[in-house]
Amino acid sequence: MPTFAYTHPSCFEHDPGRGHPESPARLHAVVGALKTAEFVALEWREAPRATDAQLELVHDRTYIAQLLHAVPQVGVVDLTFDTAISPASGEAALRAAGAACAAVDAVMRGEAGNAFCAVRPPGHHARRDRPMGFCLFNNVAIGAFHAREAHELKRVAVVDFDVHHGNGTQEAFVDDADLFYASTHEYPTYPGTGAADETGVGNIVNVPLRPMSGSAEFRAAWTRIILPALDAFGPELILVSAGFDGHAGDPLASLRLQDEDFKWVTRRILGVADARCRGRLVSTLEGGYDLVDLARSAAEHVRALMGL
């Protein structure tokens, strides 16, 4: 079955302002790397808008309304010290969350073997009632809850290799034993969560990596801890928060990963998906702020998804 890729023009138009690291250039870099001859078999789809019902699976109704109402007609509005919106941001956020839900639908219906959501703004820091860390809606968590609501799944997993801990996703999952969240991330650093003793109800697995950790530490964390825990959980669907800011060249953190680490970890996650849930996997873009390294790393990730 093919790999689907989801994006939307509004995701390129969301602009947090001059000099902001979460810039439209990020998505241009990723999509540019994927729209080459090597990836001709990648099937592109337009991301739909998330519905109110889908958003409310994770977010407070009042927050959703307030966020969309705050979208300006012109200029840039700061929501927090690090998160800003512009005229296209509401549409982009709806499409980013909608992409995750549509990708889940395609994979669950057997239309695609797996899927990659090339969208922004990212999502894994967004909390139930507030934006955070460049994120407006928690795309991957919305996709996970949508999988349970629309496809009657019980056990859904999210794994996260972004350099920053997905505090919003963990918060959404923390009390539900049938949802699994696992993360490797630099620690201590933003957002300050993700210690190894944050385990929820036995459904949360955090493996903090010390600053300057590289391929060996990253691969050991996945091989020894996260992949066995994911396999033991027995997911019916796996979602991935695919952040590429752990790369050695990234300006916002200090892990030392290389391009090939992202292909390696994707293949290992796919191995669990093949064993446990008929290969069903949906990935959505999170961080990555050096444009060259981001493009190369995302390409390695999608090569693995496509079996290249």
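Eight strands make up an open sheet with parallel pairing, in the order S2-S1-S5-S10-S9-S6-S7-S8, where two strands pair if DSSP finds at least two bridges between them. The edge strands, each pairing on one side only, are S2 (43–46) and S8 (204–209), and the twist averages 15° from one strand to the next. Helices (H or I, at least four residues) and strands (E, at least two) are DSSP runs, numbered from the N terminus.

This is a predicted model, in which local features need pLDDT of at least 70 and side-chain atom pairs count only at pLDDT 80 or more, whereas totals for chains, interfaces and linings use all residues. Residues are numbered from 1 along each chain as its sequence is written, and side-chain values use heavy atoms, with hydrogens and water left out.

**Within the sheet and across it**
- Strand S9 (residues 237–242) and strand S10 (residues 281–285) run parallel and are joined by five bridges; Val240 has Ser283 in S10 as its bridge partner.
- Helix H6 (residues 139–151) lies across S6 (156–160), S7 (179–186), S9 and S10, and runs at about 170° to S9; axes are lines fitted to C-alpha atoms, for helices over the stretch in contact, and angles run from 0 to 180 degrees between N-to-C directions.

**Helix H2**
- Helix H2 (residues 24–34) lies across S1 (3–7), S2, S5 (114–117) and S10, running at about 135° to S10.
- Eight of the 11 residues of H2 are buried, so this helix is largely enclosed by the rest of the structure; buried means under 20% relative accessible area (1.4 Å probe, protein chains only).
- Among the buried residues of H2 are Pro24, Arg26 and Leu27, and the cover over the buried residues includes S1, H1 (9–13), S2, S5, S10 and H10.

**Helices H9 and H10**
- H9 (residues 259–276) and H10 (residues 291–306) pack at an angle of about 25° with their axes 8 Å apart, and are therefore roughly parallel to each other, a term for angles under 35 degrees.
- Residues of H9 including Asp259, Phe262 and Lys263 meet residues of H10 including Arg296, Ser297 and Glu300.

- Leaving aside neighbours within four places in sequence, Trp222 is in contact (heavy atoms within 4.5 Å) with Val159, Asp160, Phe161, Thr184, Leu227, Pro228, Trp264, Val265 and Ile269.

Conventions. Parallel < 35°, antiparallel > 145°, perpendicular 65-115°, else oblique. Buried < 20%, exposed > 50% of the residue type's maximum accessible area, 1.4 Å probe, protein only.
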